Protein chains: 2
Amino acid sequence: MRKINTRDFHVATRTTSRDINRHIALNLIREHQPISRADLARRMNLTRGVVSVLVHELIAQDLIHEGATGEAARGRKPTFLHIRTHDRLVVAVDVRFTRTYLMLCDFSGRQLAIETYATVVSIPEFVKDLAARIRKLLKRQGPGFTCEGIGLVVPGMVDQRTGKILNAPALGWRDVDIRTKLAAATGLAVHIENSGRASALAQLWLARGEAIGEHNFVYISISDGVGTGVVVNGELLRGRDHIAGEFGHMPLNLDGPRCMCGNSGCWEAYTSNLATVSRYFGWNLSKDGPKRLEDAERSSFTVLDMISRARGGDAKAMAAVLTTGRFLGLGIATIINLVNPDCIYLAGEITTAWNLIEDTVREAMAERTLTEAATRTPIRVTSTQEYPRLRGAAALIAAPTFAAPRVA
Amino acid sequence: MRKINTRDFHVATRTTSRDINRHIALNLIREHQPISRADLARRMNLTRGVVSVLVHELIAQDLIHEGATGEAARGRKPTFLHIRTHDRLVVAVDVRFTRTYLMLCDFSGRQLAIETYATVVSIPEFVKDLAARIRKLLKRQGPGFTCEGIGLVVPGMVDQRTGKILNAPALGWRDVDIRTKLAAATGLAVHIENSGRASALAQLWLARGEAIGEHNFVYISISDGVGTGVVVNGELLRGRDHIAGEFGHMPLNLDGPRCMCGNSGCWEAYTSNLATVSRYFGWNLSKDGPKRLEDAERSSFTVLDMISRARGGDAKAMAAVLTTGRFLGLGIATIINLVNPDCIYLAGEITTAWNLIEDTVREAMAERTLTEAATRTPIRVTSTQEYPRLRGAAALIAAPTFAAPRVA
DNA sequence: GGAATATTGTTCGCAACTCAAACAATACCG
DNA sequence: CGGTATTGTTTGAGTTGCGAACAATATTCC
């Protein structure tokens, strides 16, 4: 039940039907490869004749290729179709508070090379240094590959359309335009996105195995900050100014602890790694406390350290972890009441303690969700090992190839 | 950049292009009537030949009709096209705490008859009574009209797919299925929806004049409760359990005042009419206060009374109104950070005091929105005179005719 | 008053698409 | 080696958008 936007619509031309069906075929091949033409025809409810033509066009566009012939119980053996990914490369960059991660991967998000180095905060030097590293990375990969672009994610607000970084407090970047500079220095297309939203894109476009297929979910990453991305009907919620989905800064208590964003009582101020550690050490996080927690900044004690202490029997550490779990649950419940997604993906260091906190999280959720069904919304913990941010950066470049054509 | 759902997609058939273009034409006629075929062709970037055929089909389907010939500076005069609405009727019902509103209107939401009566809480009696009233209403309208269905809205959570009312605390209804009963009693199609979400539908589908055209917005109705509806890409956000968009129950303070939903500190508990009046009288709304505010329930003093006292110079009344304005702004800011809509529609009694509270609302918004641009999100106050809830009920029936065909 | 011009709405040949059915290619099996 | 099942291609028919020509109708200019 979508209303047609009479100010921005897309009439169907004589090639529209084929565009649509070609894209559906492409996506089916992507998710079910290796797959034969006949199989494709069955899944699409089309005749093999039409599918043959679609496949021919996709091959001509170099988006797929024929592979080995498969086995059949009887009859002619099928020729398998595969997505062409291995020689289409993407550079993914994740700029974080202390370190920057640089990955080279193919169109399916498969990692080919990865490196990490201390974040360069000065913009001109950052661009110069990054461009040099990318050149070296691509050179080392050798010929026979095409690099389709650079995806870059930062912890902050980004106007994805213009590529402008509006505000990244952790890096001290405000209103900087890295995109044109980096594009000029490398000659490649550059897309920039907020790291939480990018992770959601990774989950949507590059998920593997059983994680595939959700089209309405909220991705929540609990780390230095709390990053979130909302996916509705298979589309990332971006909003008017391309800043939608900042669930980290919804209030749990208007007079609560001070938050990085300048406000107080944000969900992030209750559940970020800093908040959890601070709770353990009894640092002053209150609204009227000191502006910067110098204790915390100087400390090298991480949430992971704290979790292992909790597992070791440290009651204070356990209490701090459980309190974070409780606030996590209260926040998740609010998100469920607002978006009512099919599922919630949870990432971040705290999820390594999931077996410790799950019950507490669920209890807190039950407390504030408005219906019984909503309480049972699945929560899927995702591994941080797979670099969701970097895969999200890659998705920025890879996704447009597979996206549904705009119609009506 | 929508991902194609490989588990639920729609391949294009040979009639798909035409379906799409016919629907676009229908919507353009709806929003620009009276309009000629030639004008339509220009707007759609199609040839007049194709448009002629599309129009012919729409006339054959009895969705539009030809009208008078218009004036042209020179050349052949155009024949105007109109949407056929006047003889397609909808029954709209709004069930509220004390009174039920019943309206008969046409497909454009134009009011033909309206009546109101004390709400019958007993389900069997409610259905019997309502069915009789509807029969009478349709009989009085006379022949030559077709009633396309009944739209019913309630203050509570509704599973719109099954038509089940999950929980309407104001009416004391839990898990009741009115739809099949009412459909059986009247022989008409029945759709049920939450009143806040329905109002958003009315804004999307039945707006007139300059209010037309927004496709990404949040509708907020401040009344006995706080109802909201979120529209993204011209589609109402419904969610897994069809309960999305309950912004009224996001917390401003986990330990704040008691809310009707059983939790405490919900936005509604700060901004509903009851909250505003209670603030004036100094009633105990705290988390640990009495379960039911019997003072309030017995009182006939309304927010409107209070606003007129504030205008009359009552400082205490003014203070209470402004405090509500402040909490309104804080909640709206949160909504903007989450959804980042193109605009926000605000309805309810408190908006009659908009000129008193606007500055306060804007200040509070600026306090918590995360970017400068977000602070400037337009807020449009909508008139309660036009029965947004009833129009929303009508939209439930009328919208499917005009909705975009599902494709890809 | 009549030719030139402008605009609306229809018609027609053409290219592109889906669709059903026939067809060729290829395998297995008794 | 013939029967059968399956894959992939081809072919003709029906539907669509597209461009251009066409008829109908009005105004303007000479």
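Two strands pair if DSSP finds at least two bridges between them. With that in mind, welcome to a few close-up views of this predicted model.

**View 1. Strands β3 and β6 of chain B run side by side in the parallel sense.** Here β3 covers residues 88-95 and β6 covers residues 146-154, and six bridges link the pair. Look for B:Val93, which stands opposite B:Leu152 of β6(B). As background, strands of a sheet pair through backbone hydrogen bonds, either parallel or antiparallel.

**View 2. Five strands of chain B make up an open sheet with mixed pairing.** Reading across, the order is β5-β4-β3-β6-β10. Because β5 (111-118) and β10 (190-194) of chain B stand at the edges with a single partner strand each, one side of each has no neighbour in the sheet. From one strand to the next, the twist averages 15°.

**View 3. Helix α5 of chain B packs on this sheet.** Helix α5 spans residues 178-186 and touches β6 and β10 of chain B, its direction making about 145° with that of β10(B). Now find helix α6 of chain B, residues 195-205. Helix α6 lies across β3, β6 and β10 of chain B and runs at about 105° to β10(B).

**View 4. The largest nonpolar core holds 196 residues.** The members that touch the most others are A:Leu201, A:Ala394, A:Ala395, B:Leu201, B:Ala394 and B:Ala395. Zoom in on A:Ala394: leaving aside residues up to four places away in sequence, its contacts include A:Val90, A:Cys105 and A:Leu206. Apart from this core lies another, of 44 residues, with A:Leu26, A:Leu63, B:Leu54 and B:Leu81 among them.

Definitions and conventions:
Residues numbered from 1 in each chain as written. Chains lettered and ligands numbered in written order. Predicted model: local features only at pLDDT ≥ 70, side-chain atom pairs only at ≥ 80, totals over all residues. Core = buried A, V, L, I, M, F, W, Y, C linked by C-beta atoms within 7 Å. Buried ≥ 20, exposed ≤ 12 C-beta atoms within 10 Å, placed from the backbone. Contact = placed C-beta atoms within 7 Å. Helix = DSSP H or I, 4+ residues; strand = E, 2+ residues; numbered from the N terminus. Axes fitted to C-alpha atoms, helices over the stretch in contact; angles between N-to-C directions.
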